[in-house]
Amino acid sequence: MEFYKPRLAEYEKYVEYYKLCMQLCAETSFLALWSYEEEMELERAFYSELFWHRINWHGQRIWMPPIGEWERGDWEDILTAVVPPGTVFGFVPEFLANRWLDSFPDKIAIDVGDMRGEWDYLFHLKRQIAMEGQAFADMRNRCKSFANKYACEYSTITVEDIPAIKEFQEQWMKWNESKGKLCDDLLAENRTIIKILDNWKSLLDKRVFGAKMVLDNQIISYIITEELDDYILSGHVLKGNYNYNGVYQTMQLWVYKNQYAHFPILNMWGDGGIPGLRQSKLSLNPIGFIKKYLVTWKG
């Protein structure tokens, strides 16, 4: 296999194979891999009708799950041909892990612990929009209170908006720095966001959408989403001004209601093992997870 850096020009081909996967994971979407390419030292190859990726994960060189048709019968032959014995695959979804385990249990080892922070949270989008019942009382109250206090304007992000969005993102990072919350993960995420914004014009025809919330001529929140297929939406980026209680919930609600009410499922990524973020995502009432594992190919 010949490895190379992901390119925007291969969007259509990659998405064609990505949609064949039985579980559409957030971190293997086109936008995720392309935007994090430098941060993860990512390399891509195409072999045997599959996209393969190698990344740097916490200082360890690992492979990601192959992207393409998972219900094929020649997995053992393919892995034997191209994957060195002892290779670790990360972010392997439950379906593919079980497929390998059923087919050649003696040739793989599965770690069920270290990937909990990477499990994707799945939500029923119409339930998130309706916010009915006691389980959604907090979200409902936050959005209602916000709407009563602030008369905001909402609109899609255009190329002309990018300088203002980048300025807001810079301010958001300063807020986190003032609160002592800056960390390597936030700094890496910020670099990927700037890469996305710098290429916004090229991404607009690639099922990527953005919206902004404006109050008194100032941006106080923005969101970037990616359609994983015709049924699953991924919330890729969401930022808001911390001084406005309910701004995050309201920004999401506006986009989901006005842009994606016809989509059944929302994928909100994992929690990274961060206790506060895990608590926050669980409070949004997920309907399930895409569980992921570390898998070692023994060969």
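**Rings, charges and a pocket**

At 28% relative accessibility, F46 counts as partly exposed, because that value falls between the 20% limit for buried and the 50% limit for exposed. Keep in mind that we're looking at a predicted model here. F46 is a handy place to start, since its ring has a partner.

That partner is Y17. With 11% relative accessibility, Y17 is under the 20% limit and so counts as buried. The structure holds 27 aromatic pairs, and Y17 with F46 is one of them. Two numbers tell you how any such pair is arranged: a pair of aromatic rings is described by the distance of the centres and the angle of the planes. For Y17 and F46, the centres are 5.2 Å apart and the planes meet at 75 degrees, so the pair is edge-to-face; the angle needed for that label is over 60 degrees. The pair also ties together distant parts of the chain. Y17 belongs to helix 1 (residues 11–18), F46 sits in strand 1 (residues 43–47), and 29 residues separate them.

Now for another pair, Y260 and F263. Their ring centres are 5.3 Å apart and their planes stand at 85 degrees, so this pair is edge-to-face too. How accessible are the two partners, Y260 and F263? Y260 is buried, with a relative accessible area of 0%, and F263 counts as buried at 3%.

The charged end of R72 sits over the ring of W75, 5.9 Å from the ring centre. K281 does something along those lines with Y121, lying over the face of that ring at 5.8 Å from its centre.

Rolling a probe the size of a water molecule over the atoms shows where empty space is left. The second largest pocket has a volume of about 280 Å³, and 14 residues line it. Nearest its centre are E167, F168, Q218, I219 and I220. Which elements give two or more residues to this lining? They are helix 7 (162–178), strand 9 (208–215) and strand 10 (218–227). Helix 7 contributes the most, with 5 residues. Sorted by class, the lining has 8 nonpolar, 4 polar and 2 charged residues.

Methods:
Residues are numbered from 1 along each chain as its sequence is written. This is a predicted model: local features need pLDDT of at least 70, side-chain atom pairs count only at pLDDT 80 or more; totals for chains, interfaces and linings use all residues. Side-chain values use heavy atoms; hydrogens and water are left out. On a 1 Å grid over the protein atoms alone, a cavity is a set of points where a 1.4 Å probe fits but cannot get out, and a pocket is an open set with protein on both sides within 12 Å along at least five of seven lines; lining residues have an atom within 4 Å of a point. Grid points are joined across faces, edges and corners, and a volume is the space filled by probe spheres set on the points. Helices (H or I, at least four residues) and strands (E, at least two) are DSSP runs, numbered from the N terminus. Ala, Val, Leu, Ile, Met, Phe, Trp, Tyr, Cys and Pro count as nonpolar, Asp, Glu, Lys and Arg as charged, and the others, Gly among them, as polar. Rings of Phe, Tyr and Trp (its six-membered ring) pair if their centres lie within 6.5 Å; planes under 30 degrees apart count as stacked, over 60 as edge-to-face and the rest as tilted. Buried means under 20% relative accessible area, exposed over 50%, partly exposed in between (1.4 Å probe, protein chains only). A charge sits over a ring if NZ of Lys or CZ of Arg is within 6 Å of the ring centre and within 35 degrees of the ring normal.
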